[in-house]
Amino acid sequence: MDGGTYTLVLERDSDGPLAVGALGDLSLPAGWYAYTGSALGAGGFSRVDRHRAVASGDNDARHWHVDYLLGDDATRVDTVVTTRAAVECAVAERLQDHRATESVPDFGCSDCGCRSHLVCSDRRDALLTAVETAHAAVDD
């Protein structure tokens, strides 16, 4: 398998509403966020490179919810954690249930039954630990 599951750890350095496609305006305060997605197609983890290009302003396309968050000037990619397995929803569910996180309802999960694929936390260290633990727990 050339791809798998990834979680982007993001920092948002200012408060404010963010227009996110069909979800409308979301109130996303400053803090730390983790978005979990899949990279299972022919390009594999090149999807992460595309996300970095959106975050840096080198790509203006807005196809997915995360594109709106990444395209906002207040957001930057801090770290990426990957797993070479198709476990996107299992990782997202573990992150939603972690005591250090709060989920952003309906974000990034329009094609599955999850509550969300985006969680937030006030603390980077707690969020990163939650992400690493979630990936390790479901990795085949």
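Predicted model: local features only at pLDDT ≥ 70, side-chain atom pairs only at ≥ 80, totals over all residues.
Trainee: Which elements make up the secondary structure, and in what pattern do they follow along the sequence?

Mentor: There are four helices and seven strands, and read along the sequence they follow the pattern β-β-β-β-α-α-β-α-β-β-α. Among contacts between residues at least 6 apart in sequence, 67% join residues at least 24 apart.

Trainee: How do you know that the buried residues of helix 1 line one face of the helix?

Mentor: The buried residues of helix 1, which runs over residues 46-56, are Val48, Arg50, His51 and Val54. Seen down the axis of helix 1, these buried residues fall within an arc of 155°, so they line one face of the helix. As background, an α-helix has 3.6 residues a turn, so residues three or four places apart point the same way. What covers the buried residues of helix 1 includes strand 1 (4-12), helix 2 (65-70) and strand 5 (75-83). Just after helix 1, glycine 57 takes a positive phi of about 90°.

Trainee: Why is threonine 36 called buried?

Mentor: Threonine 36, which is found in strand 4 (residues 31-39), has 0% relative accessibility; buried means under 20%, so threonine 36 counts as buried. Setting aside residues up to four places away in sequence, threonine 36 touches Thr5, Tyr6, Thr7, Glu88, Val91, Ala92, Leu95 and His117.

Trainee: What makes the approach of the side chains of threonine 36 and threonine 7 a polar contact?

Mentor: The two side chains are joined at 2.9 Å, and a polar contact calls for N or O atoms within 3.5 Å, one able to donate a hydrogen and the other to accept it, so the pair of threonine 36 and threonine 7 is listed as a polar contact.

Trainee: How many aromatic pairs does the structure hold, and why is the one between tyrosine 6 and tyrosine 35 called tilted?

Mentor: The structure holds two aromatic pairs. In the pair of tyrosine 6 and tyrosine 35, the centres lie 6.4 Å apart and the planes are at 50°; the limit for pairing is 6.5 Å, and planes under 30 degrees apart would be stacked and over 60 edge-to-face, so this pair is tilted. Tyrosine 6 lies in strand 1 and tyrosine 35 in strand 4, so the pair ties together parts that are 29 residues apart in sequence. Tyrosine 6 is buried, with a relative accessible area of 1%, and tyrosine 35, at 7%, counts as buried.

Trainee: Why is the pair of tyrosine 35 and phenylalanine 107 called edge-to-face?

Mentor: For tyrosine 35 and phenylalanine 107 the angle between the planes is 75°, with 6.2 Å centre to centre, and an angle over 60 counts as edge-to-face. Phenylalanine 107 lies in the loop between strand 6 (102-103) and strand 7 (118-121), and tyrosine 35 in strand 4, so the pair ties together parts that are 72 residues apart in sequence. Phenylalanine 107 counts as buried at 0% relative accessibility, and ring pairs link Tyr6, Tyr35 and Phe107 into a cluster.

Methods
Residues numbered from 1 in each chain as written. Heavy atoms only, no water. Buried < 20%, exposed > 50% of the residue type's maximum accessible area, 1.4 Å probe, protein only. Helix = DSSP H or I, 4+ residues; strand = E, 2+ residues; numbered from the N terminus. Arc of directions from axis to C-beta. Contact = heavy atoms within 4.5 Å. Phe/Tyr/Trp six-rings, centres within 6.5 Å; stacked < 30°, edge-to-face > 60°.
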